[in-house]
Amino acid sequence: MTTGSLVLEPGQFEPPAGQITFLYLPAQDLFVRRAARLRQLANGHALGGYLQFLASLADTQQTALQRLPAPVLPAPDEQRLCRQHGMPLLSATTWPREPVWHEALSAILRQMSQIDLPVAAQETIRSLARQTPAYLERQAGLMLMEEWEELQPNEAPFIGAALQVYWLRLASALDAQTVGRLEPSGRCPVCGSRPVAGMVRGDGLRYLSCSLCSCQWHLVRVTCSSCRSTQGINLHTLHGADDPVRAESCDACNSYLKLLYLEKEGLLDPIADDLATLALDMLLEHEGFLNAGSNLLFHPGRGPE
Ligand code: FE
Ligand code: FE
């Protein structure tokens, strides 16, 4: 592992806050691009079979997304109230989930059942397809409350995939101009979830990518997403400075978050590239850092608040 020192000062490349686009809503073809990136990463990768499985899962997410009806968003006065009180509009933990997300899950399971998968995965798909709405609601609630130890690890990726579809559909119908910054800034301003990773764009700005609704929000670089410290921030890579995926650690709160550098590799995807670099997580965790991010398809977020 290479451990780098600071290469940037906070705000070095940042235009004034008023000139920065604060929020990008998710694209409607996000899962198509994710599937393509996963297949690209799977080629020659030690976890190639796993990444191919995730590519199939992303295919099914796109199909499920296209079948969802138009969402019902909070009324304008409710949105105004959320903004006034610094609350996320589509809170992962308090938004009344519509049962339509079960239909997204059914579509995902139906399509996955037609793929050649290991027997254990086939059994998980069959058993999840038979579960009651009450069971599914309980599992979703546990996942969104980050009660990972209560979840069945084999079921969680399918439930997470369906919830991502549902929340992406909701978030993409918002007007980005109506969403304000939120404290803590390490949480998604739309749904309050943890990011998967940060994306450093070609313009040098860093955006955190939501693990649930897939929105991306701006956070000034070389700032810890968990505690906002600008001191003791270090970069770590697996292979050196040319790695498009690095981890940014914080000595103040012992957390880290991955950073994906789009100027090095334009096809990067937060979920795909996070899961293709689990070796980087192992190294950071070996050094005593906790992941401040979360990946609903695999990696439980247990980082600091
Ligand atoms: Fe979100
Ligand atoms: Fe920190």
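Reader: Is cysteine 224 buried or exposed?
Author: Cysteine 224 has 3% relative accessibility, so it counts as buried. Bear in mind that the model is predicted.
Reader: And cysteine 253, buried or partly exposed?
Author: Cysteine 253 counts as partly exposed, because its relative accessibility is 22% and buried means under 20%.
Reader: Which protein donors does the iron ion (ligand 2) have?
Author: Cys224, Cys227, Cys250 and Cys253, each through SG, at 2.2 to 2.4 Å from the iron ion. Their spacing in sequence is C-x2-C-x22-C-x2-C.
Reader: Which parts does the pair of cysteine 224 and cysteine 253 tie together?
Author: Cysteine 224 is in the loop between strands S5 and S6, and cysteine 253 is in the loop between S7 and S8, so the pair links parts 29 residues apart in sequence.
Reader: Changing topic. How many residues of strand S3 are buried?
Author: Six of six, over residues 195–200.
Reader: Which sense does the pairing of S3 with S4 have?
Author: Antiparallel, over five bridges. Proline 195 faces cysteine 210 in S4. The two strands make a hairpin with five residues between them, and glycine 204 in the turn has a positive phi of about 85 degrees.
Reader: And S3 with S8, parallel or antiparallel?
Author: Parallel, with three bridges. Glycine 198 is opposite leucine 259 in S8.

Conventions: Residues are numbered from 1 along each chain as its sequence is written. Chains are lettered from A and ligands numbered from 1 in the order in which they are written. This is a predicted model: local features need pLDDT of at least 70, side-chain atom pairs count only at pLDDT 80 or more; totals for chains, interfaces and linings use all residues. Side-chain values use heavy atoms; hydrogens and water are left out. Donors are N, O and S atoms within 2.8 Å of the metal (3.2 Å for Na, K and Ca); water is not among the atoms, so sites may look incomplete. Helices (H or I, at least four residues) and strands (E, at least two) are DSSP runs, numbered from the N terminus. Buried means under 20% relative accessible area, exposed over 50%, partly exposed in between (1.4 Å probe, protein chains only). Two strands pair if DSSP finds at least two bridges between them.
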